[in-house]
Amino acid sequence: MSDFPDTPRHIAVIMDGNGRWAKERGLPRREGHRAGAESVREITDTCIDLGVEYLTLYAFSSENWNRPESEVKALMALLDRFLAEKAKELDRQKIRLLAIGQLDRLPAKTRNLLDRIMARTADHKTMTLVLALSYGGREEIVSAAKSLAVDAAAGVLSPDAITAEVFASRLQTAGIPDPDLLVRTSGEMRVSNFLLWQISYAEIVIVKKFWPDFRRNDLVEAVNEYQRRHRRFGAL
Ligand code: IPE
Ligand code: IPE
Ligand code: MG
């Protein structure tokens, strides 16, 4: 639990704008992704310092597979490097790593790295870092619906027993509280298929800066903005 009042328990981030950051500097897009990895490190550390319990980072969407092969390859290579470099530190910082998304679509090397780090950090309690990789909110919802349909067809689940809680328990985020704060960088006002079910009551903060420029103070600012909001959840 955080020592600060009203700290969001769960922050979810759409890390957007790496390509534009690079373009502004006349650099190839992959340089933007590389710089973005630095922001990931700094934002993770800041969340630990603030006492945030869950940080979910949208790193690669189902739709991002439609980018040119060279960019997909560069992103996967960067992800591998990030995981390999970060493995020991996650362990030292007592961070539990989880991954959500269609992980079977990832290269075998990436999956193996993820599996190893997830096993090694499974009992850590300082914070949970959730990486959304090859992730799509609609795909996640469809897959939950399918698993319920399979049980209903087999006669082990009555359709009447399907509640919002039961549904949520079939999502990949089962057991993780819904995000309190959703941050998107680079000024875009859309959710791009991220955590569609889970963000129903998240406070949304859109930041103009591109992801590689989003650092400690920017996150603290977003949390301050969150703390100024009045969450009503439909009541008064
Ligand atoms: C975010 O930056 C990283 C990923 C989506 C993988 P972008 O690559 O979307 O950068 P822009 O939005 O084109 O600037
Ligand atoms: C969302 O960013 C996905 C990630 C940040 C991983 P995109 O750049 O893919 O989203 P759109 O295309 O602008 O909606
Ligand atoms: Mg983008």
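Start with Arg29 and ligand 1: a polar side-chain atom of Arg29 sits 2.9 Å from an oxygen atom of the ligand, a polar contact (a pair of N or O atoms within 3.5 Å). On its own ligand 1 exposes 380 Å², and the protein buries 87% of that (Shrake-Rupley areas, 1.4 Å probe).

A quick note on the ground rules: this is a predicted model, with local features needing pLDDT of at least 70 and side-chain atom pairs pLDDT 80 or more, while totals for chains, interfaces and linings use all residues. Residues count from 1 along each chain, chains are lettered from A and ligands numbered from 1 as written, and side-chain values use heavy atoms, without hydrogens or water.

Keep Arg67 selected and show ligand 2: an N or O atom in the Arg67 side chain is 3.3 Å from an oxygen of ligand 2. Now pick Asn64, whose side chain puts an N or O atom 2.9 Å from a ligand 2 oxygen. For Arg184 the corresponding distance is 3.4 Å. Ligand 2 alone exposes 390 Å², of which the protein buries 78%.

Last stop: select Leu83 and look beyond its neighbours within four places in sequence. What is Leu83 in contact with there? You'll find Leu97, Thr110, Leu113, Leu114, Ile117 and Leu131, contact being heavy atoms within 4.5 Å.

Definitions and conventions: A polar contact is a pair of N or O atoms within 3.5 Å; within protein, one must be able to donate a hydrogen and the other to accept it, and residues adjacent in sequence count only if both atoms are side-chain atoms.
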